[in-house]
Amino acid sequence: MNKTNLHILFACSELTPWVKTGGLADVCGSLPQALKQAGIDVRIILPGYKSVLDKVPPPEFVSLLKLPLGTVTICRSKIDDIDVLLVNHDAFTNRAGNPYMSDTDRPWPDNAFRFALFSQAVCEIAKPSGNSDWQADIVHCNDWQTGLVPALLSQHANAPATVFTIHNLAYQGNITIAEYNRLHLPEELLIQDGLEFWGQASFIKGGIAYADRINTVSPTYAEEITSKEFGCGMEGLLLHRRRILSGILNGIDLQTWDPQTDPHIATNYSANRLELKNENKLDLQKQLNLTADPDTVLFGVISRLAVQKGIDLIINAIEQLHDQNFQLALLGSGDSALQEQLKVLSDAFPERIATIFGFDEKLSHKIEAGADVFLMPSRYEPCGLNQMYSHRYGTLPLVNRVGGLADTVVDYTGDATSNTKDANGFVIDSADAELLSRGMLKAIACFDDKSTWLQLQQNAMMADYSWAESASHYIRMYEDIAA
Ligand code: ADP
Ligand code: GLC
């Protein structure tokens, strides 16, 4: 089958610009578009969250599905010219807020039910049926929320093939056996080579154990997750299935993240007009009540406040460097203990450290444009998008050498072997506060060497992160399965 004949049902739990908690939404917003542009017939399927239904024009009714866990309505909406099927059920449509978490920052207690139901709907739509005008050849699933799909489809003859993309192996959707039984999911799947996982049932393991192809979102993370350190208990199974495991680096949306046209930033600029970037720095300093000073290095952070992201290391490194001249603008949401600690820092140094809690798309663009250095000392990072956004904005990332960060950031050595022609940021060798503070000092010193800094910025801005390149790897994978 060639690509023009391929029908892909793309199943996901978040989708930019409708519902986003992190990079998964951005990927699901962009990859199907790139596939479509390459000639693939792709449809997206997403839960009909209240926040989505409030945003889109009334969707068109498609069908009513009676599933083992309840009855859902399938409606059709569109993003550009891609059909998006919305799975509507009270558990999605009647609940405001974050797709996974309650207001109290805890997972919704019925998440297992919600995403098992969603997965049943995906399977029902994907299964061959005589009365459908569209038949999926491949169901492309993303993360634990859709992990049951490959497992459930494995029980049907003539079911389409499945791809499972791991965006973050640490979020697994694990539930007790009692809860699994309450969901009336098939007993036959609850075996050691199936969904059973250390005395529990694991949604993500459904994707890993049953999909026809597994991939992660960077080549380095694909290697890492076969080790005990990064495998989150799944390393044995992933090693066993390594012949069908690959790493495909995410792209980024080059239109949304373009300093030449970005409507959110104070002054547009390009690699040839980098002096204009300073106006964005002054604008950001003003907005955040930091001292307006083009010569002080401004570090930026935009992040979920989670252990993964090494925010504690940033706090610790800043405490070590408090007598140095630098500024920090941090935008984040998540862990309340980390918020408290960050607030203590910004209260102590209000003219140098600004912390903003919440999810703010516009401010995230302003930080990318206004910061000099973007901090991302993640403990693990399947891909990471912000280091690539940073490159595009001539903001040099300072990262830990893991996952997609290792695949995209080239460290400026700054020594006799000077690699000024290739370097596009700063890299530390492990998630460690002492190393991070040294990295920050290195970046501060490099910032004073204006010609080197400019060269590194230009290197960064030259990187090609177009989705077309990543999509071509997915298409090869689809063609390989279809063959
Ligand atoms: P992850 O998906 O692990 O959180 P990524 O780097 O892949 O990390 O993607 C994070 C995405 O979410 C980026 O688009 C980033 O700009 C965005 N983001 C994270 N936190 C915030 C926030 N508080 N406000 C606005 N955007 C945010
Ligand atoms: C996950 C990962 C992040 C990745 C994103 C999109 O949330 O933590 O590294 O960039 O998914 O694939």
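**Ground rules**

I number residues from 1 along each chain as its sequence is written, and I letter chains from A and number ligands from 1 in the order in which they are written. As the model is predicted, local features need pLDDT of at least 70, side-chain atom pairs count only at pLDDT 80 or more, and totals for chains, interfaces and linings use all residues; side-chain values use heavy atoms, with hydrogens and water left out.

**Entry: ligand 1**

A residue counts as near if one of its heavy atoms lies within 4 Å.

Next I looked up polar contacts, meaning pairs of N or O atoms within 3.5 Å. Aspartate 26 places a polar side-chain atom 2.8 Å from an oxygen atom of ligand 1. Lysine 309 has a side-chain N or O atom 2.8 Å from an oxygen atom of ligand 1. Leucine 385 uses its backbone: an N or O atom there lies 2.9 Å from an oxygen atom of the ligand.

How much of ligand 1 does the protein cover? On its own, ligand 1 has 560 Å² of accessible area, and the protein covers 94% of it. I took the areas from the Shrake-Rupley method with a 1.4 Å probe.

Then I asked which elements supply the shell. Helices (H or I, at least four residues) and strands (E, at least two) are DSSP runs, numbered from the N terminus.

Ala, Val, Leu, Ile, Met, Phe, Trp, Tyr, Cys and Pro count as nonpolar; Asp, Glu, Lys and Arg count as charged; the others, Gly among them, count as polar.

The bounds come from an automatic or database domain assignment.

**Entry: ligand 2**

I repeated the search for ligand 2. It is surrounded by 14 residues, and the closest are His167, Asn250, Glu381, Cys383 and Gly384.

Histidine 167 has a side-chain N or O atom 2.7 Å from an oxygen atom of ligand 2. For asparagine 168, a polar side-chain atom lies 3.4 Å from a ligand oxygen. Cysteine 383 makes its approach with a polar backbone atom, 3.0 Å from an oxygen atom of ligand 2. Taken alone, ligand 2 exposes 310 Å², and the protein buries 93% of that.

α1 gives the most to this shell, with three residues. I sorted the shell into six nonpolar, six polar and two charged residues. Domains 1 and 2 both give residues to the shell, so ligand 2 lies between them.

**Entry: pocket and cavity**

I searched on a 1 Å grid over the protein atoms alone. A cavity is a set of points where a 1.4 Å probe fits but cannot get out; a pocket is an open set with protein on both sides within 12 Å along at least five of seven lines; lining residues have an atom within 4 Å of a point. Grid points are joined across faces, edges and corners, and a volume is the space filled by probe spheres set on the points.

The second largest pocket holds about 750 Å³ of space. I found 32 lining residues, with Gly29, Ser30, Gln33, Asp253 and Thr256 nearest its centre. α1 and α18 (467-482) are the elements that give two or more residues to this lining. α1 gives the most, with seven. Domains 1 and 2 both give residues to the lining, so the pocket lies between them.

How many cavities of 30 Å³ or more does the whole structure have? I found one. The largest cavity has about 30 Å³ of space. Its lining includes Tyr49, Phe92, Trp108 and Arg114.

**Entry: backbone**

Most residues other than glycine have a negative phi, and most peptide bonds are trans. I logged a cis peptide bond between threonine 16 and proline 17, with omega about 10°. Proline 17 sits in the loop between β1 (7-11) and α1. Aspartate 80 is not a glycine, yet has a positive phi of about 50°. I placed aspartate 80 in the loop between β4 (70-79) and β5 (82-88).

Methods:
Polar contact = N/O pair within 3.5 Å; in protein donor to acceptor, adjacent residues only side chain to side chain.
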